[in-house]
Number of protein chains: 2
Amino acid sequence: MTDSIRVLHYGIGHVGGEIARLVHRRPDMTSVAAVDADPSKIGADLGMLFGDDAWGIFVSPDLKSALQDAEADIAIHTTGSFLPQVVDQLEELIEAGLNICSTCEDLSYPALKRPELARRLDGLAKSKGVTIHGTGVNPGFIMDKFVLAISGVCQEVRHVRVERIVDASKRRPPLQLKTGAGLSPEEFLAQTETGAVRHAGYQEAVALIAAGLGWKLDRVEETVKPIIATEPVSTDVLSVEPGQSLGLHQEARGFVAGRPLIELILEMRVDRPEGYDRVVLDGIPPMDVKVIGGTHGDRATTAVVVNSLASVLAAKPGLATILDLPLALGWGV
Amino acid sequence: MTDSIRVLHYGIGHVGGEIARLVHRRPDMTSVAAVDADPSKIGADLGMLFGDDAWGIFVSPDLKSALQDAEADIAIHTTGSFLPQVVDQLEELIEAGLNICSTCEDLSYPALKRPELARRLDGLAKSKGVTIHGTGVNPGFIMDKFVLAISGVCQEVRHVRVERIVDASKRRPPLQLKTGAGLSPEEFLAQTETGAVRHAGYQEAVALIAAGLGWKLDRVEETVKPIIATEPVSTDVLSVEPGQSLGLHQEARGFVAGRPLIELILEMRVDRPEGYDRVVLDGIPPMDVKVIGGTHGDRATTAVVVNSLASVLAAKPGLATILDLPLALGWGV
């Protein structure tokens with residue numbers, strides 16, 4: 001079809017690869033180019049990297065070579081969580097005239113922690129007539145867009161609480177390790193301070209909820225603690241002794257006029273909890289919504305990114321948050 | 001504030017009245033006029049009708065007199081479920097240059113049953129530069145927008161099932177009677193045929209889901225049956241003997257390529273079931289979302305309408321469905 005969305009994949013790691021496979025299945029999108037820094041992938045056919053037939057798209061080491069033989073409408077950017085690490089990549093993509101949909105957690109609401117960078121990216125995107133958007137399952141859905149969607153049935157909202165409990169024992173190895181499972185409390189603490197053990201984008205979700213509901217935040221607090229094992233637990237990837245961490249308990253609280261009106265709680269743990277997501281709004285009417293079994297993180301992030309492409313392309317130029325875009329709709333097959 | 005939304009209330013029955021009270025509480029909106037056909041309300045002060053202080057807004061018998069001393073941006077229209085009954089009112093509002101947000105269930109997706117009327121209203125609204133939108137809790141949220149919001153985390157959706165179980169024993173008398181509770185099976189059947197016992201807007205919700213997911217519907221089927229009591233049940237309003245109806249069981253199914261891919265199930269019954277709403281998407285990932293305790297219909301309809309006003313005003317002129325508008329956001333207090 002002539003109006004197929006032409007996608008450049010910038011980053012084809014675990015999530016970037018799953019995204020490329022989904023784009024390949026969609027009749028309304030076409031993968032046209034791919035960039036990755038991994039020497040083992042450069043030059044490879046994208047389809048064959050995924051065990052599929054050849055797609056005729058080869059992984060380029062940089063944007064310039066990727067765009068030599070291809071024209072793209074939008075880049076799907078999946079190389080990092082923190083804006084300072086990826087801002088050069090984003091600027092290069094914008095300069096090349098590409099719209100961007102990124103899994104960079106900071107980019108979901110960059111005005112919070114990086115207002116200067118946010119203004120710079122917004123200005124550059126406007127000058128180039130492109131839109132840039134950061135999204136995924138969280139931030140991007142469970143703890144912000146889903147909450148705000150539910151808030152639409154409330155005449156007023158007085159308090160927001162979201163819980164996300166993830167059974168990390170079934171997840172891929174890097175994600176299990178990122179929960180801090182198997183660490184002593186001291187090791188856990190040290191790793192939360194480097195950011196190795198911590199889920200990114202939590203404070204951004206608080207800020208998105210506040211902006212959506214019209215609350216002016218005084219401040220956002222965030223804590224990360226280990227959940228200590230009392231019995232031994234093991235997974236395919238790691239084992240936990242009593243006294244070591246089963247995973248992380250992370251909280252973010254947004255204060256409005258001195259009161260914590262937004263509370264987000266995440267647990268990612270390997271002792272096989274029953275996973276779920278839950279949104280509890282104190283309001284008129286009150287709402288208590290549970291995602292039974294939870295929302296699979298990587299699969300959902302892949303979906304949210306791909307389902308958002310059309311609305312990113314249709315949006316006004318500049319930096320767009322979930323507050324600026326219409327619903328990302330699923331694909332009925 | 002100077003950019004306060006100026007609201008004309010067209011219909012101040014149960015839901016229209018709750019809407020007026022909410023608009024009155026909101027700092028970003030102002031009630032400027034009210035129209036109702038009820039002789040007992042005409043001439044009354046709107047606030048005093050609700051047991052409040054005088055608001056200085058008096059109920060007018062018709063639009064012309066309501067607009068004699070007031071200028072409004074948008075009309076909130078709450079006088080009926082079926083388009084043929086209210087189309088003259090809608091046209092008069094459009095001719096007066098008012099945007100419209102209506103609880104008319106047919107208007108949530110009028111192209112389904114009334115394509116001619118839909119085209120006429122769309123054309124008239126465009127010619128007058130106003131937007132018209134039909135919404136509420138259902139259609140407008142639980143069985144369409146909420147479903148589509150959740151679909152955004154799915155890479156693909158293969159089947160949609162929504163259940164809404166309402167404990168009607170606690171609801172206002174007209175709503176209890178509308179469930180058909182206390183009727184014999186024969187009386188129930190007769191009343192479903194007149195439309196007295198039936199929830200409006202079900203087929204529209206099916207059509208909205210299909211349009212959002214990109215499914216082309218072959219047809220929509222709808223059935224309404226009584227739920228037969230085996231024990232006596234009574235509420236403040238009515239009593240049910242064994243063999244009579246406890247309420248209604250209504251189903252709508254949307255067929256795509258011959259298969260029922262969308263199934264909506266509503267039960268409104270007076271035997272005090274545990275109310276809930278549930279959305280089950282067969283997809284990647286699968287999603288199973290439950291609103292514990294359910295969503296209060298009248299309160300939520302009030303909220304959805306009021307929360308939608310800003311996006312109706314910002315939308316392109318013409319007929320807009322939930323697919324055309326951004327998220328209706330709650331009001332944080």
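This is a predicted model: local features need pLDDT of at least 70, side-chain atom pairs count only at pLDDT 80 or more; totals for chains, interfaces and linings use all residues.
## The parallel sheet in chain A

Let's start with an open sheet of 7 strands in chain A, where the pairing is parallel and the order reads β3-β2-β1-β4-β5-β6-β15. Its edges are β3 (59-60) and β15 (318-320) of chain A, each of which pairs on one side only. At the β3 end, β3(A) pairs with β2 (residues 29-35) of chain A in the parallel sense, over 2 bridges. If you want a spot to look at there, Val35(A) stands opposite Ser60(A) in β3(A).

Two helices lie across strands of chain A that belong to this order. Helix α4 (residues 83-95) of chain A lies across β1 (5-10), β4 (74-77), β5 (99-102) and β6 (131-134), and runs at about 165° to β4(A). Helix α10 (residues 297-314) of chain A lies across β1, β2, β4, β5 and β6 of chain A, this time with an angle of about 150° to β5(A).

## Strand β12 and its partners

Now over to β12 (residues 259-269) of chain A. Of its 11 residues, 9 are buried, so the strand is largely enclosed by the rest of the structure. β12(A) pairs with β7(A) in the parallel sense over 8 bridges, and in that pairing Arg161(A) stands opposite Glu263(A).

With β11 (residues 245-256) of chain A, β12(A) pairs in the antiparallel sense, over 10 bridges. Val256(A) stands opposite Arg259(A) in β12(A). The hairpin of these two strands has 2 residues between them, and Ala257(A) takes a positive phi near 50° there.

## The nonpolar core

The largest nonpolar core has 92 residues, and it takes in residues from both chains: Phe146(A), Leu264(A), Phe146(B) and Leu264(B) have the most contacts inside it. Helix α9 (residues 202-213) of chain A gives the most to this core, with 8 residues.

Setting aside residues up to four places away in sequence, Leu264(B) touches Met143(B), Val162(B), Tyr202(B), Ala205(B), Val206(B), Ile209(B), Gln250(B), Glu251(B) and Ala252(B).

## Where the chains meet

On the chain B side, Gln155(B), Leu327(B) and Val333(B) supply 17% of the area that chain B buries against chain A, more than any other three residues.

There are 2 salt bridges across the interface of chain B and chain A. A salt bridge between the chains joins the side chains of Glu156(B) and Arg25(A), at 3.3 Å from N to O.

## Salt bridges

Over all chains, the structure holds 46 salt bridges. One pair in chain A is Arg158(A) with Asp282(A), at 3.1 Å from N to O. This pair links distant parts of the chain: Arg158(A) is in strand β7 (residues 156-167) and Asp282(A) is in strand β13 (residues 276-284), 124 residues apart. Arg158(A) has a relative accessible area of 31%, so it counts as partly exposed. Asp282(A) is also partly exposed, at 35%.

Other pairs have more enclosed members, given that buried means under 20% relative accessible area. Arg269(A) and Asp271(A) meet at 2.9 Å, N to O; Arg269(A) is buried at 17%, while Asp271(A) is partly exposed at 26%. In chain B, Glu251(B) forms a salt bridge with Arg253(B), and their closest N and O atoms are 2.5 Å apart. Here Glu251(B) counts as buried at 19%, and Arg253(B) is buried at 15%. Elsewhere, salt bridges that share partners join Arg25(A), Glu156(B), Arg158(B) and Asp282(B) into one network.

Note on methods:
Residues are numbered from 1 along each chain as its sequence is written. Chains are lettered from A and ligands numbered from 1 in the order in which they are written. Side-chain values use heavy atoms; hydrogens and water are left out. Two strands pair if DSSP finds at least two bridges between them. Helices (H or I, at least four residues) and strands (E, at least two) are DSSP runs, numbered from the N terminus. Contact means heavy atoms within 4.5 Å. Axes are lines fitted to C-alpha atoms, for helices over the stretch in contact, and angles run from 0 to 180 degrees between N-to-C directions. A nonpolar core is a set of buried Ala, Val, Leu, Ile, Met, Phe, Trp, Tyr and Cys residues joined through side-chain atoms within 4.5 Å. Buried means under 20% relative accessible area, exposed over 50%, partly exposed in between (1.4 Å probe, protein chains only). Buried area is the accessible area (1.4 Å probe) that two parts lose on being put together, summed over both. A salt bridge is a side-chain nitrogen of Lys or Arg within 4 Å of a carboxyl oxygen of Asp or Glu.
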